[in-house]
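Keep the 3D view open as you go.

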Amino acid sequence: PSRRRAVPAADAPRTGLMLKRIYASLRGPTLVYLLASGLARLGAIVLIPLYTHRLSPAAYGDYALAQTIVSLLPTVLSLGLLSAIPRAYFSGATREEGTRAAGNVAAWTVTLVALHALVALAGISHFARPGSGGITSQWELSCVVVAAAGSALTTIPAVCLRSSQRSIAAAAWQLAEFGTVTGAGLVFVGLLGRGVRGAIEALATAYLVCGIVAVGFVFIGLRGRLHGDVLRRALRFGIPFVPHLIANWAQLASDRWLLKFFGYEADLGRYVLAMQLASVVSLAVAAFHDAESARIGEMFRRDGMPKLRAELRSIQRRYLVATALPSVAVLLALPLTPIFLGPHFRSTTTLVPIMLLLSIVDTAYFPSSNVVYFAGRTKVIPVITVAGAITNLLANLLLVPSLGVFGGLLARGMGYGVRSGALWVIAQQCVREVAPASTTADEAS
């Protein structure tokens with residue numbers, strides 16, 4: 001007789017329920033956001049075959065460092081107002097009021113980004129050295145600032161359209177971004193053969209075009225207006241996000257800069273390429289986060305924090321599914337990637353599985369951040385992110401000189417663990433302070 005344990009009958013309904021939840025996590029707006037957001041960010045991945053054949057590992061590493069600056073500056077140029085736009089939208093009693101409020105915050109965002117970018121360009125023209133000398137020369141730095149300003153403006157329509165759950169319009173905008181970024185890279189690096197300088201020029205050109213269109217969206221589509229009281233309220237909310245986002249950036253970029261500093265230029269290019277291959281998971285999670293944050297925002301507007309408390313575990317499971325499925329897909333596709341890479345980059349794939357494991361730790365941050373965000377405890381987010389960034393930086397300083405890229409991976413995991421773990425604790429405190437959703441109004445008061 002067989003000694004295998006019989007599967008309880010109760011397991012079948014549980015399995016069916018889990019499959020339904022997985023399906024629910026991927027249908028509707030989420031699938032649209034996944035495809036569109038993935039394509040919008042996929043420009044860098046689509047260009048990998050071209051760039052790995054045209055650039056050396058060291059030049060590819062310099063291009064990656066330029067990308068880190070482009071990802072940081074939108075936060076600085078906007079003084080955190082990009083984070084205040086969705087909050088303004090969901091604070092409105094109706095969608096119409098929310099749209100007007102978001103448009104006014106977006107108008108100030110455009111103004112601050114433009115002014116600060118002009119100041120930065122003036123400083124570069126005065127202090128930076130001219131000529132071609134890597135990413136620190138005058139022309140390259142100017143292109144980086146233009147790309148960052150355009151990237152900040154390009155974010156505004158995507159944020160507004162996702163907040164209002166206009167998934168098709170948001171998808172169309174992100175597809176346009178994808179086409180512009182990819183087309184510029186093909187022209188400057190593929191057609192004109194301008195190397196790493198052309199790759200940076202392509203970023204500047206693409207985001208300048210998208211940014212100009214975004215300005216029209218703000219002032220014509222949203223009819224954004226500049227009101228002083230709107231700016232004061234938005235800055236009070238957005239500025240606390242600046243150290244948080246800078247610390248978050250440091251956690252993602254410090255390993256790259258320290259690998260460059262300690263002489264691992266060739267390894268840096270391969271390390272960054274492995275991160276880009278693993279970024280398929282972060283693309284999927286970001287797309288899911290776009291849809292889920294809008295859904296949670298509407299839940300908060302309708303039922304308040306008690307509903308978020310009741311749904312927290314379900315939200316966490318949905319994020320876990322959004323991480324696990326693309327991770328499996330990347331692992332299955334990994335043996336095929338060397339076919340498309342340049343000869344100097346084909347050893348990169350050995351780092352990808354480690355990065356996929358780290359992405360699971362990183363994803364635990366997102367559901368907790370939504371709870372803390374709508375609970376109004378945003379001041380604690382920068383503190384936690386700074387703690388994670390300091391952990392990451394110190395670990396990099398200790399580990400990178402002797403272990404190289406593997407030291408960077410260990411340091412990244414330690415930073416993720418501190419950030420995700422600490423924010424999880426705060427999110428649990430937020431939901432414990434709220435009466436359950438089933439509590440009556442008299443009991444809650």
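1. Let's begin with a glycine. Leaving aside residues up to four places away in sequence, Gly-297 touches Phe-90 and Phe-374. Gly-297 sits in helix 13, and its relative accessible area is 0%, so it counts as buried. Phe-374 is 77 residues away from Gly-297 in sequence, yet the two C-alphas are 7.7 Å apart in space. Bear in mind that this is a predicted model.

2. Next, the inside. How many residues make up the largest nonpolar core? There are 117, and those with the most contacts inside it are Tyr-51, Tyr-60, Ile-85, Ile-156, Tyr-271, Val-352 and Val-372. Helix 13, running over residues 265-303, gives this core its largest share, 14 residues. As general background, nonpolar side chains tend to be buried together in soluble globular proteins.

3. Now have a look at helix 8, which covers residues 138-163. From first C-alpha to last, its 26 residues reach 38 Å, close to the 38 Å expected at 1.5 Å a residue. Is helix 8 enclosed or open? It is largely enclosed by the rest of the structure, because 21 of its 26 residues are buried. After helix 8 comes Gln-165, with a positive phi near 60 degrees.

4. On to the charged pairs: the count of salt bridges comes to 7. In one of them, Arg-412 and Asp-255 meet through their side chains at 2.7 Å, N to O. Arg-412 belongs to helix 18 (residues 405-432) and Asp-255 to helix 12, so this pair ties together parts that are 157 residues apart in sequence. Both Arg-412 and Asp-255 are buried.

5. A second salt bridge joins Glu-201 and Arg-194, with the closest N and O atoms 2.6 Å apart. Which of the two is buried, and which is partly exposed? Glu-201 is the buried one, because its relative accessibility is 7% and the cut-off for buried is under 20%. Arg-194, at 36%, counts as partly exposed.

6. Last, the outside. Phe-261, Phe-262, Val-386, Ile-390, Leu-393, Leu-394 and Leu-397 form a nonpolar patch on the surface, with about 640 Å² of accessible area together. Where does the largest share of the patch come from? Helix 17, residues 380-403, supplies 5 residues. Phe-261 lies in helix 12, which spans residues 241-261. With 66% relative accessibility, Phe-261 counts as exposed, because the cut-off for that is over 50%.

Definitions and conventions: Residues numbered from 1 in each chain as written. Predicted model: local features only at pLDDT ≥ 70, side-chain atom pairs only at ≥ 80, totals over all residues. Heavy atoms only, no water. Patch = residues over 30% accessible without salt bridge, like charges linked within 9 Å, V, L, I, M, F, W, Y side chains within 5 Å. Areas by Shrake-Rupley, 256 points an atom, 1.4 Å probe, with all protein chains shown as cover. Salt bridge = Lys/Arg side-chain N within 4 Å of Asp/Glu carboxyl O. Helix = DSSP H or I, 4+ residues; strand = E, 2+ residues; numbered from the N terminus. Buried < 20%, exposed > 50% of the residue type's maximum accessible area, 1.4 Å probe, protein only. Expected span 1.5 Å × (residues − 1). Core = buried A, V, L, I, M, F, W, Y, C linked by side-chain atoms within 4.5 Å. Contact = heavy atoms within 4.5 Å.
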